[in-house]
Amino acid sequence: MSQKKPGKLIDENDVRLDGRKLNEMRPLKIEVGILGNADGSAYIEHGKNKILAAVYGPREIHPKHQALPDRAALRCRYHMAPFSVQERKSPAPSRRELELSKVIREALEPSIFTEYYPRTAIDLFIEVLQADGGTRCAGITAASLALADAGIPMRDLVSACAAGKVEGRLVLDLTDMEDKSGEADMPLAYMPNLNAVTLLQMDGMLTNEEFEQVVNMTLEGCKQINQLQKEALRAKYEAVKEAEIEKEEVEEEGEE
Amino acid sequence: MPIFYERRQLVTPGDLLAENEYINGENTYKENGKIYATRVGLFDYENKRVFVVALKAFYIPMVGDTVIGKVLEVTLGGWMVDIRAPYLAMLRASDALERPVRPQKDDLPSLFDVGDLMIAKIVAYDRTRDPLLTVLERGLGKITRGQLIEITPTKIPRVIGKKGSMIAVLKEHTGCQITIGQNGRVLISGKSPDDERLATMAIRKIEQEAHTTGLTDRITDMLRKEKGEKTEKEVVENVSKETWKTDR
């Protein structure tokens, strides 16, 4: 992005540029089931990140030679829209997007009972509409919800977030600017109920002690995200329940 | 406490439902003595069996199910049929004709062509082979009239109701013939488009409110209300229909 780096990213009161504390996450907004065509879908706003996830399947696999005899093939496409960043991003899949597609697929596959549906395909699409650091994590969070919304049996929801080191301090959930001028960034995906990590990447340098602290920070973040994920899933069905109760109350009043 | 949720409470995948002596039922799995949910749904238990009634799922073929399928392809020996499952179903010509098949003489597209709908029964299916269908039974065969609607297959039991109570209500109040495919397709054929529209409306309502209680009563009320209004309207409508007919 063409934003200029200001003098300091963290001021003397431990407040970051966007007003957050060191271990504070960006505001999160999640909605489930917003695409009509897809079998399952989710939309996430994580700070300035805006990401759509859609799931189709399990369905017939094409081309046929990709079929696996013992489980469903999870096919994942992570893609950034040309307008998702300041400088136009070429719509062709880049090296980075291909890698993220693979990494995201591997982060989600352990959570799905793929062995229930051999010879089929589960297609997952993650479309980044606006990017501001941490899109792979927000993408995983949304994709996991889309899978659950599609009715695909899962061991657990996958929640993901990142933490790292900026100006010598350990911080949770880095923005694009913090990531680029910081010393380290470590995304992590986690299944909270099973206490299992499905993705762990790091660029930059951390000491052993710092690494441990950063892991603990991200795990805490993931647990917070998991709560919001559950609320978002429930919201889709509780809305119907509440609307029905209200309607009945109105009807009863009318009859009296 | 070995059970962590109340009956009919909404659960999401990964939620810890019960521990130790309980047995895992549908849409749950057991690991290290702990039972977790695998789908979004309503929690319930029966004796020692813990299960989740899924709110959304897809159709998995079962031998003996009646399904409504759509022909995708006519091949030499039969038809490939979409039954809304992860696998394409096959209807072999010998399961559609009551006599031996003569590949040179029999014209398969004249029986079922691409896009045709059929009521069929699953005769064979396992995880290594695609499902096989038959239409050689009473009530099965090509669909020639009516309206088709699609709902989530998990909600089919709700449309049928306890011992067929819901489907009885629907048939009685709308006067339509309703055929339910276990794969989430429902065929409605009535005497008039209005009846069909009413039945469609009722089924859509059932689908949307499947996880709420007292649904059969609400549907009965709704149908009665709609019907009541119609009898008044019908006089006017019949007149306008007459004129429409003469115009044609």
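**Reading chains A and B: a tutorial dialogue**

Mentor: Buried residues make up 35% of the 248 residues in chain B, where a residue is buried if 20 or more other C-beta atoms lie within 10 Å of its own, exposed if 12 or fewer, and partly exposed in between, with C-beta atoms placed from the backbone. This is a predicted model, in which local features need pLDDT of at least 70 and side-chain atom pairs count only at pLDDT 80 or more, while totals for chains, interfaces and linings use all residues. Residues are numbered from 1 along each chain as its sequence is written, and chains are lettered from A and ligands numbered from 1 in the order in which they are written.

Trainee: How many helices and strands does chain B have?

Mentor: Helices (H or I, at least four residues) and strands (E, at least two) are DSSP runs, numbered from the N terminus. In chain B there are five helices and 16 strands, and its C-alpha atoms fill a box of roughly 70 × 60 × 25 Å along the principal axes.

Trainee: How many residues of chain B are in contact with chain A?

Mentor: Two residues are in contact if their C-beta atoms, placed from the backbone, lie within 7 Å. By that rule, 22 residues of chain B touch 26 residues of chain A. The chain B side of this meeting divides into 11 nonpolar, seven polar and four charged residues, where Ala, Val, Leu, Ile, Met, Phe, Trp, Tyr, Cys and Pro count as nonpolar, Asp, Glu, Lys and Arg as charged, and the others, Gly among them, as polar.

Trainee: At what angle do helices H1 and H2 of chain A pack?

Mentor: Axes are lines fitted to C-alpha atoms, for helices over the stretch in contact, and angles run from 0 to 180 degrees between N-to-C directions. Helix H1 (residues 95-108) and helix H2 (residues 135-149) of chain A pack at about 50 degrees, with their axes 10 Å apart. H1(A) and H2(A) are therefore oblique to each other, since angles under 35 degrees count as roughly parallel, over 145 as roughly antiparallel, 65 to 115 as roughly perpendicular and the rest as oblique. The contact of H1(A) with H2(A) has eight nonpolar, two polar and one charged residues. Among those that meet are Leu100(A) and Ile104(A) in H1(A), and Arg136(A) and Ala143(A) in H2(A).

Trainee: In which sense does strand E12 of chain B pair with strand E10, and in which sense with strand E11?

Mentor: Strand E10 (residues 89-92) and strand E12 (residues 129-134) of chain B pair in the parallel sense over two bridges, with Met90(B) the bridge partner of Leu132(B) in E12(B). Strand E11 (residues 117-126) of chain B pairs with E12(B) in the antiparallel sense over four bridges, and Ile122(B) stands opposite Leu133(B). E11(B) and E12(B) form a hairpin with two residues between them.

How values were computed:
Pairing = 2+ DSSP bridges.
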